[in-house]
2 protein chains.
Amino acid sequence: MAFEHTTKAFDSDLQELTRLVAEMGGLAERQIVDSVDALTRRDVALGARVVAADSEIDQLQRVIEERAVLTIARRQPMAVDLREIVGALRVATDLERIGDLAKNIGKRVNALDNDFHPLKLIRGLEHMTDLVQSQVKAVLDAYAAHDLPAAMVVWNGDEEVDAICTSLFRELLTYMMEDPRNISFCIHLMFCAKNIERIGDHATNIAETVFYMIEGQQILDKRPKGDMTNFADAAPGNT
Amino acid sequence: MAFEHTTKAFDSDLQELTRLVAEMGGLAERQIVDSVDALTRRDVALGARVVAADSEIDQLQRVIEERAVLTIARRQPMAVDLREIVGALRVATDLERIGDLAKNIGKRVNALDNDFHPLKLIRGLEHMTDLVQSQVKAVLDAYAAHDLPAAMVVWNGDEEVDAICTSLFRELLTYMMEDPRNISFCIHLMFCAKNIERIGDHATNIAETVFYMIEGQQILDKRPKGDMTNFADAAPGNT
């Protein structure tokens, strides 16, 4: 009877944790969309709202951490149950980082004040954001549903994001070389694109957490990754 | 007697956790120094070693997480003791991120293959790195010694790092505008400088963790911060 009581109490704690992570995930997804929206439409007010809303995500991470730790201390869960709690902690850490990256994009809206905004570049960034946001959504769904195959689809899908990012970087480099007046605008877009790419990396981290929760071990395969730190080698003007 | 036993076991667990965090901190410090060393001397082999060594830091984070969680579950520590464990978890998360940022710098060594390497820019980056590395060292010492005033010195000192980073960005921008052939080199240095700046941010996160461990609450003040996302506004050619 005492055992059953503990189990029920644990289940209720875990449910609450999962709910909090879902709430945090919803906020993070909205921040991604809003930040890039603010950037592409140069909506300074929306950019400022994204910056301000980040503290809500930070606060949720603290709450999740506190609840997770108290649940471990009170219920002393073992094995699979413990992994559920550790999973919530890890996902919350990734969502907090996603929030930071979106906030950084939001901050840059102010800086994009010149008139040079080629539609092609904006579309490239939007396309990348759509892809990353759907990765984040898919992996949060996989986390909530304990759906390992769905998480692995996200894990393998990050390569496409990296490829788009590399191609966007090359285009930005071309614009910068064509006209020095484009440089500072293009640098801001590069940092934004890099942030979006990093958000994609956090989606794959969450996929690895789902693997750990279900399989009880860390994933060992190396993720397919279109490395882009060498983008400049292939860029015009650098040969 | 049983209580004493638990306390001793907890103390021994905590000691081991603290030792692991110190080991991880030592590795992270070395990665910061080595990555920038590899970059400024264009030492491709050292860059590759930095990239390879990151998995050691990642592995330590997993070990710390596992030990921390098991300690909470087994010893059921309360209040101040629980904060010690949560503190170790948080510091390990920041050190893992620092490792990632150093790894990213290591990756870029390969890309810096042209002949344009103004000493002034390299010195600027080295100066920034020295400062950030000493911040990381100081805050890890403060963490180990539970020295809140020392942690607060680090917390307040990040402003200087941000200022150097902003000034370095402006110089890089000037070089890019002067000659398009400098662009890809300068972009790599910008990303490296940004990574160093972010490492500094993680040092202040650790200072906040020391505050939390000692004071039992989150720090509420806003950290003084030389915001640099608007660096381009002040740059030549953008007016």
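Helices here are DSSP runs of H or I with at least four residues, strands are runs of E with at least two, and both are numbered from the N terminus. This is a predicted model, in which local features need pLDDT of at least 70, side-chain atom pairs count only at pLDDT 80 or more, and totals for chains, interfaces and linings use all residues. Residues are numbered from 1 along each chain as its sequence is written, chains are lettered from A and ligands numbered from 1 in the order in which they are written, and side-chain values use heavy atoms, with hydrogens and water left out.

Chain A turns out to have six helices and zero strands, which reads along the sequence as α-α-α-α-α-α. Of its 239 residues, 57% count as buried (under 20% relative accessible area, with exposed meaning over 50% and partly exposed in between, for a 1.4 Å probe and protein chains only).

Two of the helices are worth a look for their span. The expected span of a helix is 1.5 Å times one less than its number of residues. H6(A) has 33 residues and reaches 47 Å from first C-alpha to last, close to the expected 48 Å. Because 29 of those 33 residues are buried, H6(A) is largely enclosed by the rest of the structure. Over in chain B, helix H3 (residues 79-108) has 30 residues and reaches 44 Å, close to the 44 Å expected. H3(B) is likewise largely enclosed by the rest of the structure, since 23 of its 30 residues are buried.

Next come the aromatic rings. Rings of Phe, Tyr and Trp (its six-membered ring) pair if their centres lie within 6.5 Å; planes under 30 degrees apart count as stacked, over 60 as edge-to-face and the rest as tilted. That rule gives three aromatic pairs over all chains. In one of them, Phe191(A) and Phe169(B) are tilted, 5.9 Å centre to centre with 35 degrees between the planes. This pair crosses between chains, running from helix H6 (residues 183-215) of chain A to helix H5 (residues 148-178) of chain B. Phe191(A) also forms a stacked pair with Phe191(B), at 4.4 Å centre to centre and 20 degrees between the planes. Here too the pair crosses between chains, from helix H6 of chain A to helix H6 of chain B. Phe191(A) counts as buried because its relative accessibility is 2%, and Phe191(B) is buried with a relative accessible area of 2%. Ring pairs link Phe169(A), Phe191(A), Phe169(B) and Phe191(B) into a cluster.

Arginines also meet rings. A charge sits over a ring if NZ of Lys or CZ of Arg is within 6 Å of the ring centre and within 35 degrees of the ring normal. Arg90(A) lies over the face of Tyr212(A), 4.1 Å from the ring centre, and Arg90(B) lies over the face of Tyr212(B), at 4.1 Å. Another arginine, Arg97(A), is in helix H3 of chain A and counts as buried at 11% relative accessibility. The C-alpha atoms of Arg97(A) and Arg198(A) are separated by 9.1 Å, though the two residues are 101 apart along the chain.
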